[in-house]
Structures are given as C-alpha cells and as structure tokens.
Amino acid sequence: MLRRRRHQLACREAVELVTDYLEGTLNGADRERLEGHLAACPHCREYLAQMRRTLDLLGRIEPEALDPEVQDELVALYRRWQT
Amino acid sequence: MEDAELVTRLRSGDEEAFRFVVDRYHCSLLRLARTMVPSRAVAEEVVQDTWLGLVRGIQRFEGRSSLRTWLFHVLVNRARTTGTRERRPSMGVSAGPAVDHARFRPDGEWADPPVPWPEEVDDRLVAAQLAERVRRRLDELPEMQRQVVILRDVEGMGAEDVCDLLGLTEGNQRVLLHRGRSRLRGMLELEMGKA
C-alpha cells in the first residue's frame, strides 16, 4: 500500500472535522484538506449530508404544549406581584 | 413581538405580554432545566423560580442580551443553586470518537460506510415524526452534550452565548457539540435502517 501523502485525510479523521467545518472554525489548510477529501469520497459526503439532516431535524423539534393551568398560575403570580 | 416592546409592557404589568413570553419560552426553559436537575418536578420548580426572577428583575433588565438569553441565565443560576446535581465540567468532554473505529479499515478508510438515508421527502408530517424520534434520542446523550446540543441546535443559540451561559470555553463547547451531534447522527442511522 502506498503511504498516504501528508496532506491527505483518512475518512476516520475527516468525520472528526465535520463539526469544526460546519462551525466555520477550521483553519484554511484543514478546510482545503477536508474539501479535497469530500470531493473524492462519496461516503464522507454522505456522512456530511446525514449530519446536516440531523441538524435540520433538531431544528424542527417542537416545544411541548404548555399546560394552560400552568400558564394561568404563572399569570396569577405575575398579577399578585404587580399589586 | 420585539424584546424592547415586551420589556416595556412587562414592566408596566401587561398580562398579555407576560402570557406571551410564558407561552414562547416556558417549554424551552423546562427542556434545559430537565438536563440540570434530577427530576421533572424539580425542573418545574426551577422554571417557576425563573419566572419569579423575571417578575422581580424585569425593572433591572438592561437589554444587553436578548430576553431569552437573560431568562436562560436566570434558569441556570436557579438550577445550580438548588444544588441537587453536582456540576462536573469535565464530564462528557472527552468521550469517544465520532464514529466507532471498528467501521474503518486499518488505513482509516471506511470499511462499513454510511448507507444513504431514504430521500428527504417534502412532507411536514414525516419530518415532524422524525424530529420526534430525534427528540427522544436527545435524552440519551450525556448531560453536558445534551445541554449544548439543545441550546445550539434546538434553540438556535450562538456559540458565544452558550459558552457564556454554561461557563464553557469555546473549545469545550465545540467538543461537546461534536460528540453530541455525532452520537445523534449515529442513533438516527440505526433508526433509518429500521425505517
């Protein structure tokens, strides 16, 4: 097996850079290495797509319905404090 | 309603404004509180204390942060002073790799690569069901990962605000976010396989 050149990333390393990549906190050289890897590796592109989908789903989590009784109690508390 | 208007109305005793903020933030506060104290009952008390904190403190609110961030700060302080769960700042920061190393060949390339998920369908019902599954999985994360993922990805708060709120360095915040998100993707991968 040819020794991987220094600027190349293994998939195992690429998945560890995904958060920094999405956060925009990778330095220029690491970002280029990762983007080069992604361009050549469909599996890691899939991995990144799944991560983006995970984040999209997290953003869609709905708040639980608020119990109207709890809300009324809190409003009563607020009212008492005002008077 | 904008913060500035809300704050003015809250200061003048406007019940409609109060009802509005409770409706908007109560569940978010409860979600975070549940990661910080041992039971739902205690979490509910902490959130109630937070609202009391708003009622008492709104006159002093200076608007340097958003009302939401301020409420979260009050909540975190209340949760910590209940002292029911010890704070272990290092917990969860250094947990395992993003993907089980058994899934890679010795040279680091994928041996067991991620299988493409079913096409994203533009169906709000399906998306809502999947989001509900993610929500349940969220509860399985270690507490600090859960706190960071909730604030960043569910609430959509910025990294700097989250560091400030939880007393984390930027680096630790990112590591917790990375571990939490990676684990959730892994859990979803299993769910998608079942679907």
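## Helix packing between the chains

In this predicted model, helix α5 (residues 68-82) of chain A packs against helix α3 (residues 40-57) of chain B at an angle of about 30°, and their axes are 10 Å apart. Axes here are lines fitted to C-alpha atoms, for helices over the stretch in contact, and angles run from 0 to 180 degrees between N-to-C directions. Helices (H or I, at least four residues) and strands (E, at least two) are DSSP runs, numbered from the N terminus. α5(A) and α3(B) are therefore roughly parallel to each other; angles under 35 degrees count as roughly parallel, over 145 as roughly antiparallel, 65 to 115 as roughly perpendicular and the rest as oblique.

α5(A) passes α3(B) in a right-handed crossing. A crossing is right-handed if the near helix is turned clockwise from the far one by less than a right angle, and left-handed if anticlockwise. On the α5(A) side the contact (heavy atoms within 4.5 Å) is made by A:Leu74, A:Leu77, A:Tyr78 and A:Trp81, and on the α3(B) side by B:Gln48, B:Trp51, B:Leu52, B:Val55 and B:Arg56. Sorted by class, seven of these residues are nonpolar, one is polar and one is charged. Ala, Val, Leu, Ile, Met, Phe, Trp, Tyr, Cys and Pro count as nonpolar, Asp, Glu, Lys and Arg as charged, and the others, Gly among them, as polar.

## The interface as a whole

Across the interface, 43 residues of chain A are in contact with 60 residues of chain B. The area buried between chain A and chain B is about 4,700 Å², and carbon and sulfur atoms give 62% of it. Buried area is the accessible area (1.4 Å probe) that two parts lose on being put together, summed over both. In chain A, the residues that lose the most area to chain B are A:Arg12, A:Arg53 and A:Tyr78, together 16% of what that side buries.

## Chain B and its helices

Chain B has eight helices and zero strands. Its C-alpha trace spans about 65 × 40 × 30 Å along its principal axes.

Within chain B, the axes of helix α2 (residues 15-36) and helix α6 (residues 143-154) come within 9 Å and cross at roughly 165°. α2(B) and α6(B) are therefore roughly antiparallel to each other, and their crossing is left-handed. α2(B) contributes B:Arg31, B:Leu32, B:Thr35 and B:Met36 to the contact, while α6(B) contributes B:Glu143, B:Arg146, B:Gln147, B:Ile150, B:Leu151 and B:Val154. Five of these residues are nonpolar, two polar and three charged.

The axes of α6(B) and helix α7 (residues 159-166) of chain B come within 10 Å and cross at roughly 140°. That makes α6(B) oblique to α7(B), and the crossing is right-handed. The contact joins B:Gln147, B:Val148, B:Leu151 and B:Arg152 of α6(B) to B:Ala159, B:Val162, B:Leu165 and B:Leu166 of α7(B).

## Confidence and conventions

The model scores ipTM 0.89 and pTM 0.90. Chain B averages a pLDDT of 89, and 91% of the residues score at least 70; pLDDT is the predictor's confidence in each residue, from 0 to 100.

Residues are numbered from 1 along each chain as its sequence is written, and chains are lettered from A and ligands numbered from 1 in the order in which they are written. Local features need pLDDT of at least 70, side-chain atom pairs count only at pLDDT 80 or more, totals for chains, interfaces and linings use all residues, and side-chain values use heavy atoms, with hydrogens and water left out.
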